[in-house]
Amino acid sequence: MAGFIKSFLSSSPARAVIRWFDTEADIESLPVGDAKKVDWLRIVPLISMHLMCLGVFWVGWSWTAVGVATLLYFMRMFAITGFYHRYFSHKAFKTHRLWEFIFGAAGNASVQRGPLWWAAHHRHHHRYTDQENDVHSPSLHGFWWSHIGW
């Protein structure tokens, strides 16, 4: 049974799903050259979210839909910048537990993973800014890799 589980987890789709939740899982088994390869299966939710916008050509649009989409966009961006970044990463202010949950869920709707994962990676980025360990460094890895490729 253990051999079956190990072979299942070594398959690319299973590894991508597991690494969606734990980016360090099974990292030692990745070939050295794969460090800078985009894991396309792992970014399916992000790609899907953007492709769903094309649905407007099938269902049509209205000013109400544009208004709701704009409102949701700004709410999610506030959740990312105000809460994922300022609150969870930098602990810049205090708030009630209810607001933590509401804006944590709203930020999660942006398909940028959970607030604790986001905060941990952002703190790592600050610890190693523009050094080799900083996967978000545009000066080391280029604009696209530092924003969405890693």
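How many aromatic pairs does a search of the whole structure find? The search finds twelve. Rings of Phe, Tyr and Trp (its six-membered ring) pair if their centres lie within 6.5 Å; planes under 30 degrees apart count as stacked, over 60 as edge-to-face and the rest as tilted. The model is predicted, so local features need pLDDT of at least 70 and side-chain atom pairs count only at pLDDT 80 or more, while totals for chains, interfaces and linings use all residues. Residues are numbered from 1 along each chain as its sequence is written, and side-chain values use heavy atoms, with hydrogens and water left out.

The chain has nine helices and zero strands. Helices (H or I, at least four residues) and strands (E, at least two) are DSSP runs, numbered from the N terminus. Of the 150 residues, 23% count as buried. Buried means under 20% relative accessible area, exposed over 50%, and partly exposed in between (1.4 Å probe, protein chains only). Contact means heavy atoms within 4.5 Å. Among contacts between residues at least 6 apart in sequence, 50% join residues at least 24 apart.

The largest nonpolar core has eleven residues: Ala-79, Ile-80, Phe-83, Tyr-84, Tyr-87, Phe-88, Phe-103, Ala-106, Trp-117, Trp-118 and Ala-119. Such a core is a set of buried Ala, Val, Leu, Ile, Met, Phe, Trp, Tyr and Cys residues joined through side-chain atoms within 4.5 Å. At least two of the core residues come from each of helix 5, helix 6 (97–108) and helix 7 (115–127). Helix 5 gives the most, with six. Ala-79 touches Tyr-84, Phe-103, Ala-106 and Gly-107, not counting residues up to four places away in sequence.

Phe-88 lies in helix 5 (residues 63–89). Its relative accessible area is 13%, so Phe-88 is buried. With residues up to four places away in sequence left out, Phe-88 touches Phe-83, Glu-100, Gly-104, Pro-115, Ala-119 and Arg-123. Phe-88 and Gly-104 stand 16 residues apart in sequence and 9.0 Å apart in space, C-alpha to C-alpha.

Helix 6 has twelve residues and reaches 16 Å from its first C-alpha to its last. That is close to the 16 Å expected at 1.5 Å a residue, where the expected span is 1.5 Å times one less than the number of residues. Glu-100, Phe-103, Gly-104, Ala-106 and Gly-107 are the buried residues of helix 6. Seen down the helix axis, they fall within an arc of 160°, so they line one face. The arc is that of the directions from the helix axis to the C-beta atoms. Helix 5 and helix 7 are among what covers these buried residues. The face turned away carries the exposed residues Arg-97 and Phe-101.

Ring pairs link Phe-78, Phe-83, Tyr-84, Tyr-87, Phe-88, Phe-93, Trp-99, Phe-103 and Trp-118 into a cluster. Phe-78 is partly exposed, because its relative accessible area is 43%. Phe-83 is buried at 5% relative accessibility. The rings of Phe-78 and Phe-83 have centres 6.0 Å apart and planes at 75°, so the pair is edge-to-face. The rings of Phe-78 and Phe-103 have centres 5.3 Å apart and planes at 75°, so this pair is edge-to-face. Phe-78 lies in helix 5 and Phe-103 in helix 6, so the pair ties together parts 25 residues apart in sequence. Phe-103 counts as buried, at 14% relative accessibility.
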